[in-house]
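Welcome! Below are some exercises with worked solutions. Have a look at the sequence and the 3D view, then follow each solution step by step.

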Amino acid sequence: MSVSASLRPILGLLLGLTGCGLFNEPIQEERVFVGEGGCKRPAANVGINPTDLDLTLGKFREFITLPAIKYKNDPKVSQLLQNQDTGLLVIDYLICTAKHRKDIDDTPEQIRYFTNWLNFMSTSPTSKDVIEWEEKHPFPKDKIKVTARPEQAEIAISLGGREISVNTSQLAISKDITKVANPKIFQDSILGFAFELPADSKWPQPKQIKGVDQYLKRILGDGVTDEMMMRMAAHPFGQALRDIESLVFVLSESLAVERTENTSIPILNEAIAHSISGIENSDAFRKMIAEMVKGMEEEAQAGTASEERSHDAKSLVEAARKIKTISDFEKVVKMQMDLTPEKASELKQFLNMRKSISEEVMRASFPIQKWNLANEFSITVFHKDKLVGSPIRSLASFYSVVGSQLGAVCDRLVANEKGILTGGTVSFNNIKINGVEGPLTVSRAWFFTESQHSYFLVEIAYSPQANSSIKVWEDLRKATDSFSLIEST
């Protein structure tokens with residue numbers, strides 16, 4: 001199985017590699033559609049009466065214009081807001097529509113007030129409750145002046161002593177700027193991004209990936225199965241993945257990398273030690289040892305063995321009684337195999353428990369065993385109109401879902417309002433590279449940002465084993481730092 005390093009986060013979404021289980025139920029119908037003012041209105045199939053939505057907005061208008069003593073609540077409003085399955089859909093739509101209809105200004109104070117009012121109305125308040133609430137919570141008619149803290153324009157992280165950064169102050173550029181061809185700028189006006197090509201570098205033409213079929217074929221080759229395609233069809237990201245678009249710039253020869261039973265990953269040593277300690281201190285482990293000792297004692301007392309073997313059996317029992325760790329346990333298993341060769345095949349499965357635990361932790365953190373590694377720069381685009389009905393509603397939620405697939409690779413993160421930059425460096429010992437075992441170091445960085453119509457995932461992968469030239473790293477760094485979004489004017 002061949003796997004690209006740079007596209008693993010999205011593969012994790014589809015195949016559930018990290019076992020997060022974020023989306024288990026297939027979505028059969030869209031839960032929302034775009035309504036008035038571009039607001040995402042809950043669809044009829046989720047059991048919401050559209051007239052109740054308008055009723056709620058009308059009751060809020062009454063609440064802020066009439067004295068509280070004259071306001072009469074409608075039970076339909078409370079019932080609408082009490083539905084836990086559709087509550088977020090309803091509140092998001094009501095806030096959006098209230099702003100569109102100018103019932104509230106687009107200010108944090110009035111939006112917060114309206115949200116609090118909706119939450120209050122979901123409690124089925126009495127007339128007395130309404131009067132008391134209004135007295136304590138006057139409607140913020142005047143805008144509150146807030147002195148904003150200056151935003152840090154550049155966000156940067158250090159990976160293995162090398163810095164990667166993004167200057168978000170230059171993130172948005174006008175389409176007008178890109179009308180004149182510039183050999184120093186790579187631009188894609190359709191997907192909506194541009195970046196500066198490194199000086200004196202002959203970057204290859206990018207590999208274009210469009211649609212989940214091409215995407216999976218690039219990652220898994222012949223390993224694509226019908227089950228994967230069925231899972232994709234039922235996935236909330238299914239439509240977005242069917243229309244995924246990526247450009248990948250490969251800047252080095254590809255290395256065939258394979259994790260073997262001899263491979264170790266230093267950053268996982270603490271996790272492995274913790275897992276082993278947890279087992280050694282568990283009731284299940286102590287119970288297993290107690291049952292093991294009991295069985296040995298019964299065999300020793302039976303006295304059917306020769307005198308020499310009987311003496312060895314008693315020594316075995318004494319050793320078993322002293323077991324405290326998995327290493328102690330493995331030593332006793334080896335003694336028992338030597339004493340009773342006829343049980344060797346049965347006992348062999350217990351002989352390498354520590355190694356099995358290590359491999360299990362490694363598989364959980366790095367489930368891919370074989371992949372192709374190259375120094376790469378890639379941009380992947382998720383179209384927002386294909387994510388309607390999914391939990392993705394903001395850049396933060398986009399990162400929380402996609403970023404959750406990064407696992408042990410991610411150990412640095414910085415962010416501001418315009419983007420999120422994260423990454424990490426991982427070292428492997430005794431891993432096969434083009435068939436020869438040796439060390440491997442890989443640094444990866446991911447930049448998450450958004451335009452009006454799309455989410456973007458900008459990725460780099462760098463390994464000195466693929467190309468040790470510092471210029472390759474500088475090229476990757478400069479391309480990331482100059483990444484910009486092309487917005488219509």
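## Getting your bearings

The chain's secondary structure comes to 17 helices and 17 strands; helices (H or I, at least four residues) and strands (E, at least two) are DSSP runs, numbered from the N terminus. This is a predicted model, in which local features need pLDDT of at least 70 and side-chain atom pairs count only at pLDDT 80 or more, while totals for chains, interfaces and linings use all residues. Residues are numbered from 1 along each chain as its sequence is written, and side-chain values use heavy atoms, with hydrogens and water left out.

Of the 489 residues in the chain, 44% count as buried (buried means under 20% relative accessible area, exposed over 50%, and partly exposed in between, with a 1.4 Å probe and protein chains only). Among contacts in the chain with a separation of 6 or more, 71% are between residues 24 or more positions apart; contact means heavy atoms within 4.5 Å.

## Exercise 1: α5 and α6

Task: Describe how helices α5 and α6 cross, and name the residues that meet.

Solution: 

Step 1. Two packed helices are described by the angle between their axes and the distance between the axes. The axes of α5 (residues 108-121) and α6 (residues 127-136) come within 12 Å and cross at roughly 160°. Axes here are lines fitted to C-alpha atoms, for helices over the stretch in contact, and angles run from 0 to 180 degrees between N-to-C directions.

Step 2. The two helices α5 and α6 are therefore roughly antiparallel. As for the cut-offs, angles under 35 degrees count as roughly parallel, over 145 as roughly antiparallel, 65 to 115 as roughly perpendicular and the rest as oblique.

Step 3. Now find the residues: Tyr113, Asn116, Trp117, Phe120 and Met121 of α5 meet Asp129, Val130 and Trp133 of α6. Sorted by type, the residues of this contact of α5 with α6 are six nonpolar, one polar and one charged. Ala, Val, Leu, Ile, Met, Phe, Trp, Tyr, Cys and Pro count as nonpolar, Asp, Glu, Lys and Arg as charged, and the others, Gly among them, as polar.

## Exercise 2: Salt bridges

Solution: 

Step 1. The count comes to eight salt bridges, where a salt bridge is a side-chain nitrogen of Lys or Arg within 4 Å of a carboxyl oxygen of Asp or Glu.

Step 2. Glu261 and Lys355 meet through their side chains in a salt bridge (3.9 Å, N to O). Glu261 lies in the loop between β10 (255-258) and α10 (269-280) and Lys355 in helix α15 (residues 353-365), so the pair ties together parts that are 94 residues apart in sequence. Glu261 is exposed at 56% relative accessible area, whereas Lys355 is partly exposed at 36%.

Step 3. Arg321 and Glu297 also pair in a salt bridge (2.6 Å, N to O). This pair links distant parts of the chain, 24 residues apart: Arg321 is in helix α12 (residues 307-321) and Glu297 in helix α11 (residues 283-302). Arg321 is partly exposed, with a relative accessible area of 45%.

Step 4. Lys334 and Asp338 form a salt bridge as well (3.3 Å, N to O). They are four residues apart in helix α13 (residues 326-339), so about one helical turn separates Lys334 and Asp338. Lys334 is partly exposed at 40% relative accessible area, and Asp338 is exposed at 53%.
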